[in-house]
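User: I am new to this structure. Please walk me through a few of its helices.

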Amino acid sequence: MSELTESIQALSTSQALLKEFAKNMEKDRTFGKEAYQEKINDIRDYANGLAIVTYLVPAQNQTVFGDVSLQEILRTQLGQIQNVIHALRTPEGTSEAEATYDLKESDVRRMVSSLQGMIEMNNLMRKEEDVVFPAKYEEAQLKEKPAATSEKKGFFQKLFGK
């Protein structure tokens, strides 16, 4: 794989992780409250904005071990965005974008400009409060079902306990 494709692939995988992070925030009791809705919406908007280049390569599954920090994801993405911009500005990257992804020079310029805007949004989001989800070690546990009784109790039997 080329530098451009690897950079876009990494960003695409990171985008999927960020979207999953936003879903987990919404499900969480603390962060699911209305006070955090703006932050969740900002994360979603930012993640959707990355689609300017990530639509080119599908995301790969990524297993996360340990705590997940929003700031860490954003820092990683900042580097990945810069790598994509750098790759698109090289002659090899431009020719690969044309050959592999059928992008014209104007498409590449728009992508670079949009990604620079994403860098600004990333910087603003990193200035906000960090959100960390602790690692969860959950093992699937089988729940025993109560033994089914062959005799069904009617309404009056349940009412009077007979």
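User: What distance should the 13 residues of helix α2 span, and how far apart are its end C-alpha atoms?

Analyst: The model is a predicted one. Helix α2 covers residues 37–49, and each residue counts for 1.5 Å. The expected span is 1.5 Å times one less than the number of residues. That gives 18 Å, which agrees with the distance between the end C-alpha atoms, 18 Å.

User: Where do the buried residues of α2 lie around the helix axis?

Analyst: Lys 39, Ile 40, Ile 43, Tyr 46 and Ala 47 are buried in α2. Viewed down the axis, these residues fall within an arc of 130°, so they line one face of the helix.

User: Which helices do the buried residues of α2 pack against?

Analyst: The buried residues of α2 include Ile 40 and Ile 43. Their packing partners are α1, α3, α4 and α6.

User: Is Thr 54 buried or exposed?

Analyst: Thr 54 sits in helix α3. Beyond its neighbours within four places in sequence, Thr 54 contacts Ile 8, Leu 11, Ser 12 and Gln 15. Buried means under 20% relative accessible area. Thr 54 has 6%, so this residue is buried.

User: How are α1 and α5 oriented, roughly parallel or roughly perpendicular?

Analyst: Helix α1 (residues 3–27) packs with helix α5 (residues 91–101) at about 75°, their axes 9 Å apart. Angles of 65 to 115 degrees count as roughly perpendicular. Therefore α1 is, relative to α5, roughly perpendicular.

User: Which residues of α5 does α1 meet?

Analyst: On the α1 side are Leu 4, Thr 5 and Ile 8. The contact's residues divide into four nonpolar, two polar and one charged. On the α5 side are Gly 93, Glu 96, Ala 97 and Tyr 101.

Definitions and conventions
Residues numbered from 1 in each chain as written. Predicted model: local features only at pLDDT ≥ 70, side-chain atom pairs only at ≥ 80, totals over all residues. Heavy atoms only, no water. Axes fitted to C-alpha atoms, helices over the stretch in contact; angles between N-to-C directions. Helix = DSSP H or I, 4+ residues; strand = E, 2+ residues; numbered from the N terminus. Parallel < 35°, antiparallel > 145°, perpendicular 65-115°, else oblique. Contact = heavy atoms within 4.5 Å. Nonpolar A, V, L, I, M, F, W, Y, C, P; charged D, E, K, R; others polar. Buried < 20%, exposed > 50% of the residue type's maximum accessible area, 1.4 Å probe, protein only. Arc of directions from axis to C-beta.
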